Amino acid sequence: RSDSFKVELLDFTGGLNNTQRDEDIELTELSSAENYVPERPGSKVLRKREGLTSVSNGMGSLDCQLIFQGALNNYYTTVTTIEDLDNGNDLDTGLTSSTTWDAATFENADIFVNGTEERVTTDGTNFGDLAGSPPNAKYIEVHNNFLFAAGHSNNALRWSALGDKDSWSATNELLFSDANDNITGLAKFRDVLMVFTENRFYHVNGFSTTDISVVHSAHEGPGCVSNKSIVVNPFGIFWWTTQGLAVSRNGTTVDLPMQRKLQATLENINGAQLALIHGVWSPEHDRVQFYVPDGSATRNDTCIYYYYMTDTFYIGTGNGAAMNASFQGVSSGAPVVYLGGYNTGNTNEIFTNTGNTDGLSGGAVSITAFLETVRFAPFGATASHKGDSITLKTGPVPTNGNITLITYADDATSATDTLTLAAVTTDSENEAVFRRRFNKLKIRIGDALATRPRIRGAIVRGYFLND
């Protein structure tokens with residue numbers, strides 16, 4: 001006697017989970033995946049990640065370090081210059097070489113700091129030194145009509161006079177208790193200024209130059225490893241730690257979701273590159289995106305997409321992940337994510353996070369994507385099964401092209417069967433004969449098309465064999 005089975009893998013809302021073994025994850029989770037993300041937040045359908053569309057290329061200077069939409073202009077910085085984002089023209093040149101940049105708008109001026117110089121413009125074009133002997137800050141932030149500065153001294157926070165960027169009294173200073181615990185970032189979050197150090201964070205507040213103080217005692221970890229990784233949105237604050245992504249909805253209680261979901265990814269991150277991690281909020285997709293550099297010659301960089309409303313992760317790789325800076329701005333009245341690329345021959349550019357391909361000035365590059373499902377056993381891992389058919393559900397996709405479907409039988413980590421099926425311009429079900437005996441099975445779906453096909457999943461049909 002034989003019993004038929006049908007396993008439907010049509011819901012990938014669980015995201016990537018490589019903390020657990022592939023046979024222990026949920027049916028909605030992925031054991032491995034790159035460059036497929038939900039078509040919409042919470043969607044069961046996956047689609048290839050957005051590509052890159054160049055908006056400022058042919059840059060005469062190297063490596064974008066910061067992107068900033070100020071009140072007076074749109075900017076990016078390189079190691080020694082401040083540039084006009086919209087046309088790539090030099091605005092301020094010959095600056096001290098630095099990869100540490102931060103910017104803020106205060107008192108009708110756009111202000112930039114790099115740990116050595118403090119440059120200011122009141123017209124978006126002409127720059128000069130910030131007056132009043134400010135500290136050589138690495139980080140600046142505006143809160144309660146003060147300009148705060150840090151990074152010039154391990155544990156010191158300085159602030160300007162109330163509403164005055166050009167007045168910096170030496171008495172406007174707060175020293176934190178541990179002189180060896182460096183300040184690593186500042187962020188205004190709701191009604192407080194959050195001051196991050198390597199090992200902890202503080203809440204600071206005040207409304208006059210003399211009442212600035214810590215209003216929430218030191219939270220003993222996790223600290224912040226990169227000022228550029230701090231992302232604030234209406235739902236909470238996010239930052240990168242030595243334990244991966246930290247999430248706080250109230251600025252006090254902290255969750256470390258990668259410990260639950262992406263332990264294998266965490267273990268492969270190059271600890272020497274943590275200070276370069278940067279993040280950005282994508283309001284269109286209700287997600288935060290963190291760019292994690294690898295530091296190797298091959299640049300196996302990673303973009304980690306965290307959908308905080310559903311507590312799910314997806315991962316991006318390739319040129320679209322090899323970014324040096326990110327910023328959530330506005331273009332034509334709509335939110336847009338800007339990205340600054342590495343100087344790798346043809347990616348010394350500024351991009352928007354849009355398009356079907358990584359549209360570099362040297363030519364469009366197709367995005368290679370794949371996903372791997374749970375390793376499932378319809379009647380239990382010790383039962384013997386025989387496959388009958390596999391149906392790949394796709395589409396519609398912009399153009400015809402092949403999608404590869406691979407199976408891993410039992411505990412195999414290399415392909416046991418490879419099926420190449422055509423994706424068409426309408427919703428499609430591609431059924432293929434699948435004659436294989438197995439106890440457990442895992443599915444891999446992938447493509448390298450110059451489009452962004454929709455992946456709806458796969459259905460496996462077969463029989464239980466009574467030996």
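How many bridges join strand 24 to strand 25, and in which sense do the two strands run? Three bridges join strand 24 to strand 25 (residues 236-241), and the two strands run antiparallel. Strands here are DSSP runs of E with at least two residues, helices are DSSP runs of H or I with at least four residues, and both are numbered from the N terminus. Two strands are taken to pair if DSSP finds at least two bridges between them.

The model is predicted, and for this reason local features need pLDDT of at least 70 and side-chain atom pairs count only at pLDDT 80 or more, whereas totals for chains, interfaces and linings use all residues. Residues are numbered from 1 along each chain as its sequence is written, and side-chain values use heavy atoms, with hydrogens and water left out.

The secondary structure of the protein consists of two helices and 43 strands. The radius of gyration, taken over C-alpha atoms, is compared with a globule rule of 2.2 Å times the number of residues to the power 0.38. For 467 residues this rule gives 23 Å, and the protein has a value of 25 Å, close to the rule, so it is as compact as a globular protein of that length. Along the principal axes, the C-alpha atoms fill a box of roughly 85 × 45 × 35 Å. The accessible surface, calculated by the Shrake-Rupley method with a 1.4 Å probe and, for residues, with only the protein chains shown as cover, comes to about 18,200 Å². Carbon and sulfur atoms account for 44% of that surface. A residue is called buried under 20% relative accessible area, exposed over 50%, and partly exposed in between (1.4 Å probe, protein chains only). Of the 467 residues, 56% count as buried. Contact means heavy atoms within 4.5 Å. Among contacts between residues at least 6 apart in sequence, 57% join residues at least 24 apart.

Strand 25 and strand 26 pair in the antiparallel sense over five bridges, with Trp240 and Leu245 as bridge partners. A hairpin of two residues joins strand 25 to strand 26. Strand 26 is mostly covered, as five of its five residues are buried.

The largest core has 65 residues, of which Phe238, Trp240, Leu245, Leu371, Ile443 and Ile445 touch the most other members. Strand 29 (residues 302-307) supplies the largest share of this core, five residues. A second, separate core of 19 residues includes Tyr76, Ile82, Leu91 and Phe127. Beyond its neighbours within four places in sequence, Phe238 is in contact with residues including Val231, Leu245, Val288, Phe290 and Tyr306.

A further open sheet contains four strands in the order 16-17-18-19, again with antiparallel pairing. Strand 16 and strand 19 (173-175) stand at its edges, each with a single partner strand, so one side of each is left without a neighbour in the sheet. Three bridges join strand 17 (residues 146-150) to strand 18 (residues 156-159), and Ala149 has Arg158 as its bridge partner.

Several loop residues were also examined. Gln65, in the loop between strand 7 (52-56) and strand 8 (66-69), is buried, with a relative accessible area of 6%. Gln65 and Ala325 are 260 residues apart in sequence and 5.7 Å apart in space, C-alpha to C-alpha. Glu107, in the loop between strand 12 (102-106) and strand 13 (109-113), has a positive phi near 55° and is partly exposed at 35% relative accessibility. Ser133, in the loop between strand 15 (128-129) and strand 16 (139-143), likewise has a positive phi near 55°, and counts as exposed at 62% relative accessibility.

Key. A nonpolar core is a set of buried Ala, Val, Leu, Ile, Met, Phe, Trp, Tyr and Cys residues joined through side-chain atoms within 4.5 Å.
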